[in-house]
Amino acid sequence: VPASFDLVPIGPEPLSLIVGRDHPLGGNPCDLSDCLAHDWVMQPPGTVLRATVERYLLDRGLVLPASVISTGSLMLTLAFVTRTNAVGTMSAAAADFFASGEGGGLPILRLPLAPDLRVSPYGIVTLRDRELTPAARTLRTALSHASRSMVANPG
């Protein structure tokens with residue numbers, strides 16, 4: 001029942017295609033079709049991220065990857081990408097975090113492809129007639145501040 005919920009919109013989630021630092025596509029000009037010659041690591045079928053990536057490829061007249069390793073684990077995605085020539089998909093924010101010193105400085109690269117690849121807008125949903133716990137209020141406040149920062153400083 002939609003009347004039972006409050007929604008605070010945040011925005012779309014930019015996604016990235018990632019590869020290991022030594023991947024053949026890492027330092028060379030390439031396009032999206034070049035990625036299809038490699039294994040991919042994506043979330044399982046039926047998830048929002050997987051459906052978004054598949055729809056993105058099909059909308060551009062490309063085929064879906066022939067070989068896909070399905071996992072909901074970011075750590076397993078990172079392990080496959082850093083140890084094989086697989087192409088991974090994850091949020092741009094997560095890719096930047098893991099590639100930075102803050103996230104361990106993993107040997108991954110964001111491919112400069114599909115800059116408009118993003119998950120549909122999302123938001124914070126709460127029950128309208130129920131007071132949030134102190135922890136939930138703290139989380140909502142942190143998410144609200146972070147989302148305002150993302151809107152003010154995109155990319």
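Reader: Why does Val-125 count as exposed?
Author: Val-125 has a relative accessibility of 52%, and exposed means over 50% relative accessible area (buried is under 20%, partly exposed in between; 1.4 Å probe, protein chains only). Val-125 is therefore classed as exposed. A word on the model: it is predicted, so local features need pLDDT of at least 70 and side-chain atom pairs count only at pLDDT 80 or more, while totals for chains, interfaces and linings use all residues. Residues are numbered from 1 along each chain as its sequence is written, and side-chain values use heavy atoms, leaving out hydrogens and water.

Reader: Which residues make the nonpolar surface patch?
Author: Phe-5, Leu-7, Val-125 and Leu-127 make a patch of about 360 Å². Patch residues need over 30% relative accessible area and no salt bridge, and nonpolar side chains (Val, Leu, Ile, Met, Phe, Trp, Tyr) are joined within 5 Å, like charges within 9 Å. The excluded salt bridge would be a side-chain nitrogen of Lys or Arg within 4 Å of a carboxyl oxygen of Asp or Glu. Areas are Shrake-Rupley values with a 1.4 Å probe, and for residues only the protein chains shown count as cover. With 52%, Val-125 is over the 30% limit.

Reader: Which strands each supply at least two residues of the nonpolar patch?
Author: Those are S1 (5-20) and S6 (118-127), and Val-125 lies in S6. Strands are DSSP runs of E with at least two residues, helices runs of H or I with at least four, numbered from the N terminus.

Reader: How do you know that S1 and S6 pair?
Author: Pairing asks for at least two DSSP bridges between two strands. S1 and S6 have eight, in the antiparallel sense, and therefore they meet the cut-off. One example is Asp-6, whose bridge partner in S6 is Thr-126.

Reader: What makes S4 mostly covered?
Author: Five of its five residues are buried. For the protein chain, buried residues are 33% of 155.

Reader: Which residues touch the most other members of the largest nonpolar core?
Author: They are Leu-17, Cys-35, Trp-40 and Val-53, in a core of 21 residues. S1, H1 (32-35), S2 (40-42) and H2 (48-59) are the elements giving two or more residues, and H2 has the largest share, four. Such a core joins buried Ala, Val, Leu, Ile, Met, Phe, Trp, Tyr and Cys residues through side-chain atoms within 4.5 Å. A second, separate core has eight residues, including Ile-18, Val-81, Ala-94 and Phe-98.

Reader: Which residues does Val-53 touch, not counting those up to four places away in sequence?
Author: Val-53 touches Leu-15, Trp-40, Met-42, Thr-89 and Leu-117, where a contact is heavy atoms within 4.5 Å. Across the protein chain, 75% of the contacts with a separation of 6 or more join residues 24 or more positions apart.
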